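I opened my notebook and looked up a few things in this model. Here is what I wrote down, entry by entry.

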Amino acid sequence: MSAALQRALGAAGPGPAPAPALVLGPARSGRSALLFRAALGGPRALFLAPRALQRLPGARRGESDPRGLQRIQFLYPPSLRELLRLLASLHQSLPGPPALLLLDGLEQYLAGCPGPQAAARLSALLVDTASYFTGRLGADPQGSPTCCQLIASMQVSGETEVEDYLCILQRYFPAQCWLCPDSAAALGQEDCGGDRMFRARLSQPGAADQEWKLGFGLDGEMRVSPVPWGRAEDPGAASDTDRAAGVEK
C-alpha cells in the first residue's frame, strides 16, 4: 500500500489519537482490501465483520507475512445484536488492547438499526470502545502515548435506506475515505491493463484532502499509487507504488 495511505488509514501508535475514519464506496471497490492492508501493516489489530473474508491478501501467492497475520484477531458477529454484545464484552474477552479497531461491512449492521438513534448509539459505542483501548494501551517504550485507531467500511450505492444515516455517521467518523470509479480509466484514456480503477479521496479534519489511484487486476491484486496532480501529496510517497493481493468487497 502507498506509504501515505498506509499512515492515513492505520496511523495507530504513538502520538495523538487520529480521527475515526470511514471508508465508503460501491460494491467491489476494495473497501475490505484497504482495511485488511491497514491491519497487516500496523500493530496489533482487531478485525470485525459480519462474515469471514473469502480470501486474504497474498494468500494466493503465499506472500502474506505470517507475523502480520498473527497480529490480527478476527471476530465475526453476524448481526447487530451480536455486535453490540461483543463490543460490550471486549474489555473482558481480549488478551490485550488492540491498536487498530477495524469494522468491515458497517452497512449490514446498520440495516438492523430501527432508526437514527440506534445508528448513533452503535457509532458512539464503536468510538467509546476505541477510546477505552487507547486508555489501556498506555505509553510506548519511549514514553509517548499510544492510541487505538478506529476504521470502519460501508458500502454506498445511493439506493439503500441505511445511507440515510450518513449524516449521523459523519459526526462520529470525522475522517472519510471515498472510493469512486476512475472516470478517465472507464473512458479508455489510460492503459489500465485490464484493471478496475478507482480513486480514493481522504478528507480529514485539519488536513488537506489527499487522493490515490487503486487498481484491481483480474486475480484480485491491488495496486495503490498517489495521484500526481490535484491536491498536494506526501513527497515521500511519490514513488511508493506497490502491489498487494487484495480482498475485494
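Before anything else, I noted the burial terms: buried means under 20% relative accessible area, exposed means over 50%, and partly exposed is in between (1.4 Å probe, protein chains only). I'm working with a predicted model, where local features need pLDDT of at least 70, side-chain atom pairs count only at pLDDT 80 or more, and totals for chains, interfaces and linings use all residues. Residues are numbered from 1 along each chain as its sequence is written, and side-chain values use heavy atoms, with hydrogens and water left out.

**Entry: Trp178**

I started with Trp178, which sits in strand S8. Strands (E, at least two residues) and helices (H or I, at least four) are DSSP runs, numbered from the N terminus. Is Trp178 buried or exposed, or something in between? Trp178 counts as partly exposed because its relative accessible area is 30%. Next I looked up its contacts, where contact means heavy atoms within 4.5 Å. Leaving aside neighbours within four places in sequence, Trp178 touches Leu24, Val156, Leu166, Gln170, Arg199, Ala200 and Arg201. I also checked Leu202: its C-alpha is 6.5 Å from that of Trp178, though the two are 24 residues apart in sequence.

**Entry: the strands around it**

Which strand pairs with S8? I found S9 (residues 196-203), which pairs with S8 (residues 175-181) in the antiparallel sense over 6 bridges. For the record, two strands pair if DSSP finds at least two bridges between them. Gln176 is opposite Ser203 of S9.

S9 also runs antiparallel to S10 (residues 210-216), and 7 bridges join them. Two bridge partners I jotted down: Arg201 goes with Glu211 of S10, and Arg199 goes with Lys213 of S10. S9 and S10 make a hairpin with 6 residues between them, and Gly206 in the turn has a positive phi of about 75 degrees.

How many residues of S10 are buried? I got 7 of its 7. Gln210, Trp212, Leu214 and Phe216 point one way, Glu211, Lys213 and Gly215 point the other way, and all are buried.

**Entry: cysteines**

I searched the whole structure for disulfides (pairs of cysteine sulfur atoms within 2.5 Å) and came back with 0. Cys177 is in no disulfide, and its nearest cysteine sulfur, the one of Cys180, is 9.4 Å away. Cys177 counts as buried because its relative accessibility is 1%. Cys180 is in no disulfide either. At 39% relative accessibility, Cys180 counts as partly exposed.

Where does Asp104 lie? I found Asp104 in the loop between strand S5 (100-103) and helix H5 (106-110). Asp104 is buried, since its relative accessible area is 0%.

Then I went through its polar contacts. These are pairs of N or O atoms within 3.5 Å; within protein, one must be able to donate a hydrogen and the other to accept it, and residues adjacent in sequence count only if both atoms are side-chain atoms. The Asp104 side chain makes one with the side chain of Ser32 (2.5 Å). Another, of 2.4 Å, joins the side chains of Asp104 and Ser153.

Ser32 took me to helix H2, where the buried residues include Arg31, Ser32, Ala33 and Leu34. H2 (residues 31-41) is mostly covered, with 10 of its 11 residues buried.
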